[in-house]
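Subject: Structure handover

Hello,

Here is the structure you asked about. My notes follow below it.

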Amino acid sequence: MAIQSIMIINKSGGLIYNHNFIEPRGQMNSNDYLIIAGTLHSVFAIATQLTPLAVQINNKAAQNAESDVPYIAGIGVNTESKGGPRELGSFMGPDYFQESFTNWNKSGLRHMVTDDFSMFVFQSLTGLKFVLVSTNNFRSNTSVSIAENLLRKVYCVYSDYVMKDPFYSLDMPIRSELFESKVKELIDNL
Amino acid sequence: MSTNTGTSNTSTSGAAPSLSSYKTIKQIGESVWKNRTVKINAELFTLTYGSIVSQLCQDYQRDFTKVNDRLFSMGYNIGIRLIEDFLARSALPRCDNFVTTSEVISKCAFKIFLNITPHVTNWSTSKNSFSLIFDENPLSDFVELPMDASKELWYSNILCGVLKGALEMVQLDCEVYFVSDVLRGNPQTELKVKLNKILKDEMPAGED
């Protein structure tokens, strides 16, 4: 899929990272991006409040089964290459993880489709949001899984190259070339 | 690495079904440590920590209360960042009770980062405080406390800070402190974790 951009929103709704892999057609300045991030954060919170009654009554067991994201091989990392385990930062290859994982975002905004693009949101347990915008209008569940696999990898890269940067102050914009290049690597491998 | 349904499900009765459905917490911790984490020589780590503590003792003119505080706050700053690494690596669901939290800490977190599994004991009746007993402590290998420090210094106090910081980031406000340390002549190293309250207001939206 063609990735348009990746955004990271901190737990208070501020945009801390934005990178466009394809330049958008319209004119957008950095302020506009901040507003988009803030709006997304609010819409996410509103969505959690507007849960259909049927889902609220639904038992927890069914929800748990739904909230598992299957692992999809070869997303952003080339697992085919031979020559023993490779190192991906502090992670030992061939891949960052190789089993299905829990989705922490159970009732918030997860996926949005328009005629021109689709957007995926992955939220960590600490409240950090990773947003992926793709130029295709994906509607299938597989695309959500693919996006969430990719975003968890971005989270892994974030935990390595942003969290372990002694010059990074928490909740501030990310200005790290290493992080930038590792994310680009993930996207290029897609 | 297949889904190994819990044959040796040691998790206590209150453990979340979501957590133990695929693998036990112990299996998750071991597989992440074994297959997903890059290892270094533990002695390098031990000696680096040792040089930090000895430098701090020198800088604070052997005022060990200050050294304890400093180590704690250094740990806190590590913890609030390290939690992201832990979650990205393990992708564990939120713990729905403190018993599960204690197991995740001992069997996953300590396993992944320090390759040890401290015992969890001394539960309070209300299940909101527990002790971690360290049979081995990689921080304090090769260490002998000097006479003047043996009453005041908690050598591994950085661990308290790390736990406090990391738990705070998952909305658990805890008090963490050492009760005893073999370095001080006690029979065992014991670290107490006490839950003050769950910060419900700061819980990120989107979870149930």
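Buried area here is the accessible area (1.4 Å probe) that two parts lose on being put together, summed over both. This is a predicted model: local features need pLDDT of at least 70, side-chain atom pairs count only at pLDDT 80 or more, and totals for chains, interfaces and linings use all residues. Residues are numbered from 1 along each chain as its sequence is written, chains are lettered from A and ligands numbered from 1 in the order in which they are written, and side-chain values use heavy atoms, with hydrogens and water left out.

The interface

Chain A and chain B bury about 3000 Å² between them. Carbon and sulfur atoms give 53% of that area. On the chain A side, A:Met92, A:Trp104 and A:Leu125 lose the most area to chain B. Together they account for 23% of what that side buries.

By contact (heavy atoms within 4.5 Å), 45 residues of chain A meet 31 residues of chain B.

There is one salt bridge between the two chains (a side-chain nitrogen of Lys or Arg within 4 Å of a carboxyl oxygen of Asp or Glu). The side chains of A:Lys164 and B:Asp85 form a salt bridge at 2.7 Å, N to O.

Which elements of chain A each supply at least two residues to the side that touches chain B? They are α1 (30-49), α3 (60-66), β5 (91-92), β6 (101-102) and α4 (141-161). Of these, α4(A) gives the most, with six residues. Helices (H or I, at least four residues) and strands (E, at least two) are DSSP runs, numbered from the N terminus.

Aromatic rings

Rings of Phe, Tyr and Trp (its six-membered ring) pair if their centres lie within 6.5 Å; planes under 30 degrees apart count as stacked, over 60 as edge-to-face and the rest as tilted. That rule gives 19 aromatic pairs over all chains. A:Phe91 and A:Tyr96 are edge-to-face, because their ring planes stand at 70°, with the centres 5.2 Å apart.

Buried means under 20% relative accessible area, exposed over 50%, partly exposed in between (1.4 Å probe, protein chains only). A:Phe91 is buried at 0%, and A:Tyr96 is buried at 6%.

One aromatic cluster is formed by A:Tyr17, A:Trp104, A:Phe122, A:Phe130, A:Tyr155, A:Tyr158 and A:Phe179.

Chain B

Chain B has six helices and four strands. From the N terminus, the order is α-α-α-α-α-β-β-α-β-β. Of its 208 residues, 51% count as buried.

Best wishes
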